[in-house]
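Please look over this model before reading on.

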Amino acid sequence: MLKLRPTLLVALIVAAAALRLAPHPANFSPIAAMSLFGGAYLTNRAAGFLAPLAALFLSDLVLGLYAHMEIVYAAMALSVCLGWLLRSNRSPLRVATVALASSILFFAVTNFAVWAFGTLYPRSLEGLLACYTAAIPFFQNSVAGDIFFSAALFGGFALAERLAPVLREAPAAQPASA
């Protein structure tokens, strides 16, 4: 029998990925938030990676595959790892801070790849700086999307846990005293 909590967590990640199919401003997407959410909530670390990356892949199949997808997937895998920082404390400030860190990480990794693998910029420090500079206008939507979708996923699930105690994580077993 499927357990309700992990099933709902995965369903929320898939639903977030499906939102990529709805019209939205450029770079305002749920992919970093669903990666953080998977890392923070799915206690099985393999599932924490698999759920958001598989959901991302399914949405990419609908939207279209693209060159150097592996860079985006690697950045999202790193966001899952950042989500681990939220396992013991999912306060709004910590979620917002980690979401911002994820935005910065994604910006740094993917724009470095544009410079390293693309032909738009010369392979020099000036070319790298030009690449990052050209990407700055897109960064604000990434941050806004990461914060918005993180608040929706983390806040929504926290509310669900409060309203439906069956969704709460079972307390960790205490070691037996000697």
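## Packing of α3 on α4

This is a predicted model. Helix α3 spans residues 45–63, and helix α4 spans residues 69–84. The two pack at an angle of about 145 degrees. Their axes are 10 Å apart. The crossing of α3 past α4 is right-handed.

On the α3 side, the contact is made by Arg45, Gly48, Phe49, Pro52, Leu53, Leu56, Phe57 and Asp60. On the α4 side, Met69, Val72, Tyr73, Met76, Ala77, Val80, Cys81 and Trp84 take part. By class, the residues of this contact are 13 nonpolar, one polar and two charged.

## The largest pocket

The largest pocket holds about 780 Å³ of space. It is lined by 29 residues. Closest to its centre are Asn27, Val72, Phe106, Thr110 and Asn111. Val72 also belongs to the contact of α3 with α4, on the α4 side.

Which elements give two or more residues to the lining of the largest pocket? They are α2 (31–41), α4, α5 (92–117) and α6 (125–163). The lining divides into 19 nonpolar, eight polar and two charged residues.

## The second largest pocket

The second largest pocket has a volume of about 280 Å³. Its lining counts 14 residues. Arg5, Pro6, Leu9, Tyr41 and Thr43 are the closest to its centre. Helix α1 (residues 4–18) gives the largest share of the lining, four residues.

Here the lining splits into eight nonpolar, two polar and four charged residues.

## Salt bridges

How many salt bridges does the model have? The count comes to two. In one of them, glutamate 161 pairs with arginine 5. The closest N and O atoms of this pair are 2.6 Å apart. Glutamate 161 lies in helix α6 and arginine 5 in helix α1, so the bridge ties together parts that are 156 residues apart in sequence.

## Phenylalanine 28

Phenylalanine 28 sits in the loop between α1 and α2. What is the C-alpha to C-alpha distance between phenylalanine 28 and serine 142? The distance is 5.3 Å, although the two are 114 residues apart in sequence.

Neighbours within four places in sequence aside, phenylalanine 28 is in contact with Asn141, Ala144, Gly145, Phe148 and Phe149.

Notes: Residues numbered from 1 in each chain as written. Predicted model: local features only at pLDDT ≥ 70, side-chain atom pairs only at ≥ 80, totals over all residues. Heavy atoms only, no water. Axes fitted to C-alpha atoms, helices over the stretch in contact; angles between N-to-C directions. Left-handed = near helix turned anticlockwise from the far one by under 90°. Contact = heavy atoms within 4.5 Å. Nonpolar A, V, L, I, M, F, W, Y, C, P; charged D, E, K, R; others polar. 1 Å grid on protein atoms, 1.4 Å probe; cavity = no way out; pocket = protein on both sides within 12 Å on 5 of 7 lines; lining within 4 Å. Points joined across faces, edges and corners; volume = space filled by probe spheres on them. Salt bridge = Lys/Arg side-chain N within 4 Å of Asp/Glu carboxyl O.
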